[in-house]
Amino acid sequence: MKKKWDLLQVIKYVLLAIASLVVLFPPYVVVLNAFKSTDENSSPFALPASFLNFENFRIVFEKAHILQAFGNTFLVIGVSLIGNIVFGTMVSYAIGRIPFRGKRLIMALFLIASIIPTITTQVVIFSLIQSLGLFNTLMAPIVLFVGADVLQIVIYMQFIRNIPYELDESAMIDGASLLRIYRSIILPLLGPATVTLVILKTINIYNELYIPFLYMPKQNLVMVSTSIMRFASNNQAQWGYICATILIIMIPTVLLYLFLQRYIFAGVTNGAVKG
Amino acid sequence: MSGSYKRQRVIILIAFLAIPLLLLGTFSYYPAAKLLYLSFTDWDGISSTVEFLGLDNYREIFSNPDLFGVFLHQIPYVLGGILQNIIAITFAVILNSRIKGRNLFRVLLFVPYIMNGVAVAFMFQYVFDTNNGSLNALLGNLGLYNLQQSWLGETSLVNFSLASVSMWRYVGYTMIIYLGALQSIPGDMYEAATIDGANRFQSFWHLTLPSLSNVIQLNMFLTLSGALAVFDLPFVLTKGGPAGASETFLLKTTETAFTFNNYGLASAMSIVLLGLTIVILLVQNLVLRRRGRD
């Protein structure tokens with residue numbers, strides 16, 4: 001009996017080791033080759049002459065507009081998140097707390113819209129963005145991340161149901177205005193939902209490729225996804241440069257992830273089960 | 001006092017709902033309606049006049065194997081998605097058991113999900129590169145020369161290669177979802193099963209799997225609707241090649257619109273995709289509701 005248990009443990013560790021190798025293999029090769037100059041041994045597993053050779057990184061920072069890409073990406077994420085939080089909490093307060101006719105209809109409108117994959121409507125949204133004069137501005141992705149996505153409303157609607165209405169009632173007995181109840185009671189209590197939203201949205205926007213690609217072809221409006229795409233297609237098979245770009249893009253997110261892992265796991269689990 | 005709240009309510013309703021509803025109308029319902037209208041026309045994206053074609057665009061989609069047929073390219077993504085769920089459950093069960101370094105492995109297996117998708121795509125371009133790629137180099141070092149392939153250049157292989165990238169990226173994410181579900185199974189149920197003489201396999205089969213069935217189902221539907229809308233990976237890595245072998249329906253749709261300026265046909269294709277997505281969701285809801293009644 002004791003022996004069998006041990007065998008199972010061994011199998012578990014072997015599987016975990018294999019999975020870890022598979023996960024680490026591609027990034028490992030990227031790290032090795034990011035430090036190699038073009039005239040070095042081109043075998044992907046050969047160690048670089050020096051891990052202090054930052055030449056590739058220097059060139060990438062110069063040519064791939066990485067800093068600009070990070071700046072634009074964080075600006076878009078920041079403004080979109082603020083919009084999402086403000087509108088999401090407002091809608092959930094109005095629908096979740098105030099009785100009125102047509103409430104079910106409005107809720108249904110939001111929920112039905114949440115099943116339309118935004119990429120399918122780009123054909124029409126493209127001309128809409130153009131006629132609004134937003135083409136080639138940072139407002140194009142912001143407006144789309146705020147307006148064309150209803151994830152925030154779905155998440156906040158789920159959470160506000162669990163906030164007891166007695167809290168609102170006792171505040172009303174004290175004579176608080178509804179705006180004040182929204183601001184000082186509901187908004188803080190929706191905090192966990194906001195954390196979930198911030199995590200899911202940040203990952204989504206950071207990864208979004210097609211919206212920046214389609215709406216912001218202008219050079220200085222590059223975002224992280226489009227910067228690496230343009231740089232890599234202009235430097236086909238220049239693996240040293242491409243690996244350096246990948247590394248520069250990955251390091252900040254991996255660090256952020258290691259610090260925030262607990263919140264990220266919770267956010268992903270909440271988002272999947274409730275969203 | 002109640003009178004004042006009545007007025008406040010009206011003000012709040014208008015103030016809080018006006019802009020979100022305007023955005024919803026502008027960016028969700030207006031595009032969807034316009035899409036449906038354009039799908040019956042030959043609009044080229046520029047001209048102010050359109051000709052009404054009736055159902056011609058839809059007929060074209062379903063009769064032209066170059067259009068509807070590309071869904072066949074997306075089958076490897078469905079298979080990859082199923083495999084991904086099996087692997088994810090396996091590792092969720094392993095990491096839910098008593099084992100050293102649990103958190104380390106959990107963090108490690110989830111890392112690919114938080115990496116930028118385009119960066120991941122290029123990372124795998126390097127893995128799959130025929131001459132300089134690390135996968136062929138690895139196979140060479142192991143002496144497995146006959147397994148070396150042109151991973152992205154072979155028509156029969158390219159979609160499997162792409163699907164495996166997506167597996168690499170999402171397996172940790174799926175695992176975290178299963179892990180969350182496993183942790184909500186009360187431990188005393190396992191104790192009771194052990195007391196009743198169930199072995200480890202039996203308690204996995206009769207206790208763990210049934211408790212996961214809702215999450216499994218949810219993930220299978222996500223796999224299906226995800227496979228319908230595959231876009232980023234072939235768009236970045238192969239541009240649909242070689243010889244159109246890795247085209248997907250969505251890639252074809254955007255090409256039809258933005259490269260060939262055939263917005264009418266592209267709109268009809270978008271509507272078909274939207275319709276298929278809605279069918280999957282309806283089936284999912286039906287299945288889940290029936291289970292809920294049982």
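What share of the contacts in chain B between residues at least 6 apart in sequence join residues at least 24 apart? In this predicted model, the figure comes out at 67%. In other words, 67% of that set of contacts link pieces of chain B at least 24 residues apart in sequence.

Chain B is put together from twelve helices, with zero strands. Following the sequence along, the pattern simply reads α-α-α-α-α-α-α-α-α-α-α-α. The radius of gyration of chain B is 25 Å, while the globule rule gives 19 Å for 294 residues; the value is well over the rule, so chain B is more spread out than a compact globule. As for its extent, the C-alpha trace of chain B covers about 80 × 75 × 35 Å along its principal axes. Of the 294 residues in chain B, 40% are buried.

Which residues does Phe221(B) touch, once its neighbours within four places in sequence are set aside? The contacts are with Ile280(B) and Gln284(B). Gln284(B) lies 63 residues away from Phe221(B) along the chain, yet the C-alpha atoms of the two are separated by 6.8 Å.

Key:
Residues numbered from 1 in each chain as written. Chains lettered and ligands numbered in written order. Predicted model: local features only at pLDDT ≥ 70, side-chain atom pairs only at ≥ 80, totals over all residues. Helix = DSSP H or I, 4+ residues; strand = E, 2+ residues; numbered from the N terminus. Rg over C-alpha atoms; globule rule 2.2 N^0.38 Å. Buried ≥ 20, exposed ≤ 12 C-beta atoms within 10 Å, placed from the backbone. Contact = placed C-beta atoms within 7 Å.
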